[in-house]
Amino acid sequence: MTRIKTFILLAAAIIGLGAHAQELPQFSSSSFDGWSYNGGTLDETEIAMGKITLYVTRQGLVLTLTSPEFQCTGIDSIAAEVRWYTQSFFDDNFVLSKTALTMAIDDTEGNPIDSVTCVPTISGVSNQNLKFSLPMPQGLTRGRLRFVSWQADVTSCGAIKWIILTPIGASPQPSVLVGDVDNNGSINIADVTTLIDYLLSGNSVLINPLNADLINDGNINIADVTALIDKLLSVR
Ligand SMILES: [Ca+2]
Ligand SMILES: [Ca+2]
């Protein structure tokens, strides 16, 4: 076991990664890992002039931008600030609500759970920061955020430049089972490998962050791997 422990510590030390618990995915034109666009993987060629188009009424296009999966446990609500670009051409039917942006939360199978819509306050060609607050649906452990705009019947287009997501009320909650990194109800070597995988990939979907922060310092890093291995050794 000592050899395994040394190997694991060495591997993680070489990578030198640390991570914070309870992170939410962020979006910008230069940082969009794991985000999907209109159901497919977001490709950088789809980002033009630093923004991603969500609707173009003249072309009849209505598109969606969806975040990577993230852990919802311990978050009371999500605050979002979105840089929303719109270009509207006035006609008799124009109302600002038709250029609104909706933020929805879906479960991991894509079923919509809840949503909130924000209406811009400026018409014409504008960049506005839209602010959303969405309560975390009860019982949802993992989810995705999906951004979609209404299909306006005015001549208009809308695009997102960036999204900042902040978890609110993420007070540390008692862990169900500290060390049960993969959240399957037991603690064993699979939790060590899951924790290493997480440190290597940064993919927070892999872990229950409350259970993974073994030494309870608010970060998930190599020290927690060491603590987990010690925990496994001490119970044998
Ligand atoms: Ca486990
Ligand atoms: Ca820790």
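**Figure 1. Burial and overall make-up of the predicted model.** Of the 236 residues in the protein, 31% are buried; a residue is buried if 20 or more other C-beta atoms lie within 10 Å of its own, exposed if 12 or fewer, and partly exposed in between, with C-beta atoms placed from the backbone. The secondary structure comes to four helices and 16 strands. Helices (H or I, at least four residues) and strands (E, at least two) are DSSP runs, numbered from the N terminus. Two residues are in contact if their C-beta atoms, placed from the backbone, lie within 7 Å. Among contacts between residues at least 6 apart in sequence, 74% join residues at least 24 apart. This is a predicted model, in which local features need pLDDT of at least 70 and side-chain atom pairs count only at pLDDT 80 or more, while totals for chains, interfaces and linings use all residues. Residues are numbered from 1 along each chain as its sequence is written, and chains are lettered from A and ligands numbered from 1 in the order in which they are written.

Figure 2. Two strands pair if DSSP finds at least two bridges between them. Strand β10 (residues 77-89) runs antiparallel to β15, with 13 bridges between them; here alanine 79 has threonine 166 of β15 as its bridge partner. Strand β6 (residues 51-56) is also antiparallel to β15 and is joined to it by four bridges. Along this pair, threonine 53 is opposite alanine 159, and valine 56 is opposite cysteine 157. Strand β2 (residues 27-28) is joined to β15 (residues 155-168) by two bridges, again antiparallel, and phenylalanine 27 faces isoleucine 163.

**Figure 3. The two hairpins that share β6.** On one side, strand β5 (residues 47-48) pairs antiparallel with β6 through two bridges, and isoleucine 47 is opposite isoleucine 52. These two strands form a hairpin with two residues between them. Methionine 49 counts as exposed because it has 9 C-beta neighbours inside 10 Å. The hairpin of β6 and β7 has four residues between the strands, and glycine 60 in the turn has a positive phi of about 70°.

**Figure 4. The largest nonpolar core and a separate one.** A nonpolar core is a set of buried Ala, Val, Leu, Ile, Met, Phe, Trp, Tyr and Cys residues joined through C-beta atoms within 7 Å. The largest has 28 residues, of which Ala80, Phe147 and Ile160 touch the most other members. At least two residues of this core come from each of β6, β10, β11 (101-106), β14 (142-149) and β15. Leaving aside residues up to four places away in sequence, alanine 80 touches Met103, Phe132, Ile163 and Leu165. Another core, of 14 residues, lies apart from the largest one and includes Val192, Tyr198, Ile207 and Ile220. In soluble globular proteins, nonpolar side chains tend to be buried together.

Figure 5. The expected span of a helix is 1.5 Å times one less than its number of residues. For the 13 residues of α2 (residues 189-201) this gives 18 Å, and the end C-alpha atoms are 18 Å apart, which agrees. Buried in α2 are Asp191, Val192, Thr194, Leu195, Ile196, Tyr198 and Leu199. Glycine 202, just after the helix, has a positive phi of about 75°.

Figure 6. Helix α4 (residues 222-234) has 13 residues and should span 18 Å, in agreement with the 18 Å between its end C-alpha atoms. Its buried residues are Asp224, Val225, Leu228 and Ile229. They lie on the same side of α4 because they cover an arc of only 140° around the axis, the arc being that of the directions from the helix axis to the C-beta atoms. An α-helix has 3.6 residues a turn, so residues three or four places apart point the same way. Exposed residues Asp230, Leu233 and Ser234 are on the face of α4 turned away from its buried side.

**Figure 7. Asparagine 216 in the loop between α3 and β16.** This loop joins α3 (209-212) and β16 (219-220). Asparagine 216 has a phi near 55°, a positive value in a residue other than glycine. With 12 other C-beta atoms within 10 Å, asparagine 216 is exposed.
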